Amino acid sequence: PSARRNDMQTLLFVNKALEFAPGAVAFHEKKVVLLASLKRWRELAGYCERLAALHTQFDGLFEDDLAQFNPFPGVPKAEALKTSLFEANDPVESSTTKLGTRAAAEAVLRLPHSLLAYYLRSLRLEERWAQAYSAINSLERFIQAGSDLNHQVVRSKFAWLSHEKDKLNRTSAGKERGDSLFRNGEYNLAAAQYTCCLTIDAEGVRDGELGEVSNAGGRLHAILHCNRAACLMALKKYHEAVTDCTSALRIHAHYMKAMLRRSRCYMRLQRYEEAIVEFSRWIELVVKAKSSANNQDLSTTPCLFDSPKEIPDDELNKVKHELEDLKRAKRAAESSARSESNFDSRSQQYYQESFGRSGSSSNAQNRRDQWYNQKASSSRRWDSFAGRSPKRTGNKSGQQQQRSQSSRFYQEQHSYSQRERFNSSNSSQQN
């Protein structure tokens, strides 16, 4: 945050310096670098195109003995690029002006070499891919021709161009493949494809080069985050979807689709307060945009590719119904929570009344003693002998005495039988 504040402060000073020295290339370069650091790619692309349009006034001036002073030697006269394209009186309309493919091809030849990489990258990150391809092809033809300079010198200055073209090819193809997978219901593969597109800008980057980071910002990355959030929502991974929606909204605060998806994720996660706030904010922005003729209140941070003014009325009504359903669900959840709290309170009260409110409630041994000492209770104790075995009693029971008498009777009968057998055997021997 502190670095961002410093960049914004420096940008104010650079703008002030350009008012006094509009022809200073160093100041223009510094402003473009600051805009890239702040990830304000739409503004950067517009600034470069406006600067290139102003340079068309040099066409045909540096000839004959002045040719050595030509800042853009070998560049043909512009046909599609005109300074009048950026002369709108409305500053908002002027800031949203975009060049076509032919004008972009001419503009890229009228920028200082130090700004070209930034300009082409801004076209890619703003999904102006037709203009980006046109500008790259124009540069490649210029390099192939060799201009009026040494051919090797020209090629060395544009060594980065092949890498930018490769990133453009992979980004456009990867996003299109991800969209196709999403339409076919292959959400895991689509999310993986969007992830690959998000990491392209961080590949092979040296420290300090173009301020590269994985989340480079721009319309492209906002849409990629929002699309991946849609995949995660379909997979019921709402926590991860919230993170992606938040990343998209950090790039474009008024990205309506990301705002609505985050609202629905909050609702699925039963984060009712956040969901209500998000739904209400979405509805407020749409209603305010439709009621405002010029929509000037959104000019500071516009999301030109998903404006609230373009939301259809049926979708607005649908979201309003969702908000009402959400409020009813919140009230039902609060009622259920109160009922559960009351049940817990009654359970705790019963527990306290059953086991006492004194220190015994926190002492397990005291509670056990209290249980055994309940004399008035009619419940049968599991330990009826109070920890003593019935065999340890001093007096024999009636059953034990009966068993002892039965044993003596059996012994007497056994002795009598033995004597009878002995007498009978003696009498038989005498006979």
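User: Is Tyr 255 buried or exposed?

Analyst: A residue counts as buried when its relative accessible area is under 20%. In this predicted model, Tyr 255 has a value of 3%, so it is buried.

User: How many aromatic pairs does the whole structure hold?

Analyst: A search of the whole structure finds 2 aromatic pairs. In one of them, the ring centres of Phe 182 and Tyr 187 lie 5.4 Å apart. Planes over 60 degrees apart count as edge-to-face; the planes here stand at 65°, so this pair is edge-to-face. Phe 182 is partly exposed at 29% relative accessible area, and Tyr 187 is partly exposed at 27%.

User: What is the geometry of the pair formed by Tyr 255 and Phe 305?

Analyst: Their ring centres are 5.0 Å apart and their planes meet at 75°, so this pair is edge-to-face.

User: Where in the chain do these two residues sit?

Analyst: The pair links distant parts of the chain, 50 residues apart. Tyr 255 belongs to the loop between helix H12 (238–251) and helix H13 (256–268), while Phe 305 belongs to the loop between helix H14 (272–291) and helix H15 (313–355).

User: How many disulfides does the structure hold?

Analyst: A disulfide requires two cysteine sulfur atoms within 2.5 Å, and the structure holds 0 disulfides. As for burial, Cys 48 is buried with a relative accessible area of 1%, and Cys 231 is buried with 0%.

User: What share of the residues of the protein counts as buried?

Analyst: Of its 431 residues, 36% count as buried. The protein has 17 helices and 0 strands.

Technical notes
Residues numbered from 1 in each chain as written. Predicted model: local features only at pLDDT ≥ 70, side-chain atom pairs only at ≥ 80, totals over all residues. Heavy atoms only, no water. Helix = DSSP H or I, 4+ residues; strand = E, 2+ residues; numbered from the N terminus. Buried < 20%, exposed > 50% of the residue type's maximum accessible area, 1.4 Å probe, protein only. Phe/Tyr/Trp six-rings, centres within 6.5 Å; stacked < 30°, edge-to-face > 60°.
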